[in-house]
Amino acid sequence: SDERAAALLQKLELGLRPETSVDWRDFDQSDDLHINELAIASRVPLAGGRGQIGPRYSITRYRPPRGPVSEIEVQRPGVEARYRFSDALAWNGLLALDLIDTRGARGDHARWTHDTYVTWWPSDLLRFDLGSSRWTFDSEETLRQGLAATQSKFSVDVLPDELTRLTARVSQASYSDGNQREGWQLEAERRIWHTPRINLGYRHTQYGFTTPGQRGYYNPDQYRSDEATVSASGWMRAGVNWTLRWAIGRENEQPGGARPIRSGSASVAWAAHTDLVVEAAYDYATSRTLSTGGFARGIGRVTVRYRH
């Protein structure tokens, strides 16, 4: 229709304009570590819209519930880019420098981090992703140590029809303290309703560490989880989009034991203008479903995206 063609043309025109985004997040955790983060990014189009490049800067503050430090600040200047070589091949990349400041205490560090991957669509049936990432951690002890991990990852999506997705992922990570992690994941999802869109799915995850029990981050000998998932999305009215996700299941860690787990998220995005989108979201995950053990985290987020 003429209306649909006009909407598609407007979307293509917006893709040729620079974009600036501001993202604010606040974390609430069961270990009482308070985290808030502000990120600002700007991207300009390349090669007639085939790619984008631009600077990205974030500042994250960690406030532990007790000493030896009262606050840790991580500034992360970087650059991100993406480029689509053809209809079948695309690349995405982010390079940053994590500047860890313990506010006068011992443990200041500078660590290069990255996240990059290549996507190949040989057909409508298959999608392949191959990537590498390096990151620092988000606990007081690992930040003071300057701990970092480097991961290689590969995934394949099988799309037998427009309603079904089957995904397999494998990964291997090396930690700067000498630890190693290997893992894999299987996921299946099927759309059962169109308006609003409702999907049902299943996710199985397994991984293990070669040197379990290291301090400062979660590293069991073996971990396994099975989850049932449901997601829904739709429009409240013109320009207002909503999304809901929920997962419930059971995890088993060794050493340790089994416990129920659940997670969920909700988001609302408002296109205040063709140039301006404002999104508010909340994510929650917990394994604190028994009287002892487990971990819970909630993340509130507000994002503003503006096309110049």
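Visitor: How many salt bridges does a search of the whole structure find?
Guide: The search turns up 28 salt bridges. This is a predicted model, in which local features need pLDDT of at least 70 and side-chain atom pairs count only at pLDDT 80 or more, while totals for chains, interfaces and linings use all residues. Residues are numbered from 1 along each chain as its sequence is written, and side-chain values use heavy atoms, with hydrogens and water left out.

Visitor: Why is the meeting of arginine 61 and glutamate 73 called a salt bridge?
Guide: The term asks for a side-chain nitrogen of Lys or Arg within 4 Å of a carboxyl oxygen of Asp or Glu. Here the N to O distance is 3.1 Å, so the pair qualifies. Side chains of opposite charge can pair when their charged atoms come close.

Visitor: What makes arginine 61 and glutamate 73 a link between distant parts of the chain?
Guide: Arginine 61 is in strand β3 and glutamate 73 in strand β4 (residues 72–84), 12 residues apart. Strands (E, at least two residues) are DSSP runs numbered from the N terminus, as are helices (H or I, at least four). Both residues also belong to a salt-bridge network that links Arg61, Arg63, Glu71, Glu73, Asp101 and Arg103.

Visitor: Why does glutamate 73 count as buried?
Guide: Buried means under 20% relative accessible area, exposed means over 50%, and partly exposed lies in between (1.4 Å probe, protein chains only). Glutamate 73 has 6%, so buried is the word. Arginine 61, at 27%, is partly exposed.

Visitor: Why are tyrosine 207 and tyrosine 223 called stacked?
Guide: Rings of Phe, Tyr and Trp (its six-membered ring) pair if their centres lie within 6.5 Å; planes under 30 degrees apart count as stacked, over 60 as edge-to-face and the rest as tilted. These two rings are 4.8 Å centre to centre with 20° between the planes, so they are a stacked pair. Tyrosine 207 sits in strand β11 (residues 197–209) and tyrosine 223 in strand β12 (residues 222–237). Tyrosine 207 is buried at 19%, and tyrosine 223 is buried at 9%.

Visitor: How many aromatic pairs does the whole structure hold?
Guide: The search finds 12. One of them is tryptophan 135 with phenylalanine 137, which is tilted, at 6.2 Å centre to centre and 55° between the planes.

Visitor: What makes tryptophan 135 partly exposed?
Guide: Its relative accessible area is 24%, so it counts as partly exposed. Phenylalanine 137, at 12%, is buried.

Visitor: Which residues do ring pairs link into a cluster?
Guide: The cluster takes in Trp135, Phe137, Tyr175, Tyr207, Phe209, Tyr217, Tyr218 and Tyr223.
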